[in-house]
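I opened the model today to look up a few residues and some totals. My notes follow in the order I took them.

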Amino acid sequence: SDPSQASLGLKQTGGSKAARPTLPQPSSDASLIAFQDRENPYLSMTFDPQRAESYELKKSFKGHIAPISCLAMHPKKSILATASDDTTWKMWSVPNGELIMTGEGHKSWVSGIDFHPKASTLATSSGDSTVKVWDFSQSKCIATLTDHAQAVWGVSYHDSGDFLASCSMDHTAKLWDIGQAKCRQTFRGHVDSVNSACFQPFSNNLCTCSGDKTVSLWDARTGLCIQTFYGHLNAVNHVSFNLRGDTIASTDADGGLRLWDVRMVLERLQVNAGPHSANKAEFDQSGTVIALASDDHTVKIIDAVQGTLLGALEGHEEAVQAVTFDASQKSLITAGSDNSFRVWG
């Protein structure tokens, strides 16, 4: 490959519980405008459920030379990003699986990946304790954020695109101002590794989960913990929202899935998908179907209304680490410790 390109860290492939909060400093920059209340457009929409229990394995791709830890779908195009323990991330066209781009620069496993809402950049988190922001048009890493003291598990963009959240083994989550490439807020309260973080859609609330068995909701503007959800009996691996933003799905190391009603602040549903660890869970667009990535090599499809197991997709040879629905293709994409990602439809 072109050495000048490789040195940029991006290779293009042709063709195919709160301690005292740190209050944000007053700022004149426009990015704070993003923290105004916005209407969630999905509140007035309805979608047909993606009945993924009837999906069949369409294609498998050996995407990396080590386990794939995370997946992200491009917000506008049929493009998939994968993050791997092999220290790289890659972008692929789906469902054909043509490699578009490879990102090199992290010094350890890449744990999390997320596209900017306008899809001009993506962010990654790594075991090297950093978060990196990558620009596609410049084909390079444009920022390395180094404030975490230990491995970083995940990243999540705010819907405005001005802010990015990260979560770390150092027991904290952080809010980054993308424009200034600096930490705006540190969320302190968890007493173990913070394993996952995601923004409530079209709000200023950040949800986190931890090895301390709790799920917490924070106000990103003040850094204060709004609410903590108790009920998991083991480390919580992952949290995600439905598009409406009124329900959190959280998964734990015992294979437990719990759904939490954000407004009523209570557990709405509990599903035992164990005994193997439930690594991630994602809602479909309708919010009525959940795909759960399990350590038992399967993807479990769960009815998010009744809590019933609709079926399981078998095909991965090792633990499934990540799942994402591709609504435009009416498909499901999964990835795991067998170094592959697979397209189901």
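**Entry 1: S111.** I started with S111, which lies in strand β7, residues 110-115. Strands here are DSSP runs of E, at least two residues, and helices are runs of H or I, at least four, numbered from the N terminus. I noted that this is a predicted model: local features need pLDDT of at least 70, side-chain atom pairs count only at pLDDT 80 or more, and totals for chains, interfaces and linings use all residues. Residues are numbered from 1 along each chain as its sequence is written, and side-chain values use heavy atoms, with hydrogens and water left out.

Is S111 buried or exposed? I found S111 buried, at a relative accessible area of 8%. Buried means under 20%, exposed over 50%, and partly exposed in between, with a 1.4 Å probe and protein chains only. What does its side chain reach? The side chain of S111 reaches the backbone oxygen of V152 at 2.5 Å.

**Entry 2: W344.** I moved on to W344 in strand β29, residues 340-344. W344 is buried too, with a relative accessible area of 2%. I checked W344 against S331: they are 13 residues apart in sequence and 5.5 Å apart in space, C-alpha to C-alpha.

**Entry 3: cysteines.** How many disulfides does the structure hold? I counted 0 disulfides. C198 is in none, and the nearest cysteine sulfur, that of C207, is 5.2 Å away. A disulfide here needs two cysteine sulfur atoms within 2.5 Å. C198 counts as buried, at 12% relative accessibility. C225 counts as partly exposed, at 24% relative accessibility.

**Entry 4: second largest pocket.** I read its volume as about 190 Å³. A pocket is an open set of points on a 1 Å grid over the protein atoms alone, where a 1.4 Å probe fits, with protein on both sides within 12 Å along at least five of seven lines; lining residues have an atom within 4 Å of a point. The lining holds 16 residues, and N242, R244, S286, G287 and T288 lie nearest the centre. I sorted the lining into 7 nonpolar, 7 polar and 2 charged residues. Gly counts as polar in that scheme.

**Entry 5: whole protein.** I logged 1 helix and 29 strands. Of the 345 residues, 57% are buried. The accessible surface comes to about 13900 Å² (Shrake-Rupley method, 1.4 Å probe). Carbon and sulfur atoms account for 49% of that surface.

Note on methods:
Grid points are joined across faces, edges and corners, and a volume is the space filled by probe spheres set on the points. A polar contact is a pair of N or O atoms within 3.5 Å; within protein, one must be able to donate a hydrogen and the other to accept it, and residues adjacent in sequence count only if both atoms are side-chain atoms.
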